[in-house]
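This report concerns the structure shown below.

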Amino acid sequence: MKNWRLAFLFGISLALGACGKPESSGESAPRPARAQSAPRAALAQHAGPVQGKPAEQASDLPSTITRLNEDGSETVEDVPSDSGAHNPLLAAVASTVAAAAPAASAATPAAPATQWQEGVNYTRLVPAQPTDVPPGQVEVLEFFWYACPHCYGIDPLVEAWKKSKPAFVTFSRVPVMWSESHRALARLYYTMVSLGKIDQVHEEIFKEIHDRGNPLVAADPGNGVETEQIQAAFAAKFGISETEFKQAYHSFAVQTSLQRGDQLVQRYRVDGVPRFVVNGKYIADVQSANGPDRLIALVGDLAALEHKH
């Protein structure tokens, strides 16, 4: 019964293109089985359709449509009726409104490109949240979980984007901490950051979990001593001594990073990963962007828009 339930949850997560927060924060998240891990190529090609809203009744449809142009201006157009008749008076009013419409303000920038729709491909956060980057920089956060197959699948795209992203983008990863098992892998991440080893071991942590079947967390996630031993043994493969690892593992810097990461997860109400937040203003994921490649492109466009304004 337990194996069936885990397989079912895994299948649901693949269908959604994301790993979701457990229903109860007191329960440990499902542990990924090596045999169940989906191929990275298949995950990277996922482009499931975004669920649309039910069609409205004809009587509910608006008589005009306001279109947002790339230069920030607005164009108001009338909507023909079902009979195809054109209302010249309505068209004249629409033209007058369009001519008098003010340009979009800097506080509400236009969409980055016609292919992206606010409320469909990304969500605008109101109010915008404060960021932790210098003036002139655009903050991009990726919320992730090492045991999430979708985070593993999209990671090569993220790494490629990191190498080509503009200099004005400050990129940071934030591991989610929904349960003890999530927190254990988050502590491993921040420990490696503290040791200056994260670039060397980041992909290897994914491989250890998904390709080699080692969850890097004790069978009982609450057993912190055993989890620490398991992770210290993994770190030893990269020349990190047990003493060095444990000192960083329990350091003030790592504890502070865990607290800040937890605050960010709560601030942005992250309930699924991978998820991206651009400059505290926009949030998007694989499903909203309609595919991993499109998500990376969307993040880049939103970042460019923020830098422009």
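How many bridges join strand β5 to strand β8, and do the two run parallel or antiparallel? Four bridges join β5 (residues 138-144) to β8 (residues 275-278), and the two strands run antiparallel.

## Basis of the model

The model is predicted: local features require pLDDT of at least 70 and side-chain atom pairs count only at pLDDT 80 or more, whereas totals for chains, interfaces and linings use all residues. Residues are numbered from 1 along each chain as its sequence is written, and side-chain values use heavy atoms, with hydrogens and water left out.

Helices (H or I, at least four residues) and strands (E, at least two) are DSSP runs, numbered from the N terminus. Two strands pair if DSSP finds at least two bridges between them. Contact means heavy atoms within 4.5 Å.

## The sheet

Five strands form an open sheet in the order β4-β9-β8-β5-β6, with mixed pairing. The edges are taken by β4 (123-124) and β6 (169-175), each of which has a single partner strand, so one side of each is left without a neighbour in the sheet. Strands of a sheet pair through backbone hydrogen bonds, either parallel or antiparallel.

Axes here are lines fitted to C-alpha atoms, for helices over the stretch in contact, and angles run from 0 to 180 degrees between N-to-C directions.

## Helix packing

The axes of α4 and α6 come within 10 Å and cross at roughly 160°. The crossing of α4 and α6 is left-handed (the near helix is turned anticlockwise from the far one by less than a right angle; clockwise is right-handed). Residues making the contact include Tyr 152, Asp 155 and Lys 162 of α4 and His 202, Phe 206 and Lys 207 of α6. By class, this contact has four nonpolar, two polar and five charged residues (Ala, Val, Leu, Ile, Met, Phe, Trp, Tyr, Cys and Pro count as nonpolar, Asp, Glu, Lys and Arg as charged, and the others, Gly among them, as polar).

Helix α5 (residues 180-194) has axis approaches to two other helices. With α9 (residues 252-267), the axes come within 9 Å and cross at roughly 125°; α5 and α9 are therefore oblique to each other, and the crossing is right-handed. Among the residues in contact are Arg 183, Arg 187 and Tyr 190 of α5, and Val 254, Leu 258 and Asp 262 of α9. The contact of α5 with α9 has four nonpolar, five polar and three charged residues.

With α7 (residues 224-236), the axes come within 11 Å and cross at roughly 40°, which makes α5 oblique to α7. This crossing is also right-handed. The contact is made by Ala 184, Leu 185, Leu 188 and Met 192 of α5 together with Thr 227, Gln 231, Phe 234 and Ala 235 of α7. Its residues divide into six nonpolar, two polar and no charged.

## Backbone geometry

Most residues other than glycine have a negative phi, and most peptide bonds are trans. The peptide bond from Val 126 to Pro 127 is cis, with omega near 0°, and Pro 127 lies in the loop between β4 and β5. A cis peptide bond also joins Val 273 and Pro 274, with omega about 0°; Pro 274 is in the loop between β7 (272-273) and β8.

Leu 216 has a positive phi, near 60°. Leu 216 is located in the loop between α6 (198-210) and α7.

## Confidence

The mean pLDDT (the predictor's confidence in each residue, from 0 to 100) is 78 for the protein, and 65% of its residues reach 70 or more. Over residues 41-69 pLDDT stays under 50, and the model has 52 contacts beyond four places in sequence for them. Residues 79-107 also have pLDDT below 50, with 23 contacts beyond near neighbours in sequence. Where pLDDT is low, the predicted coordinates should not be read in detail.

Notes:
Parallel < 35°, antiparallel > 145°, perpendicular 65-115°, else oblique.
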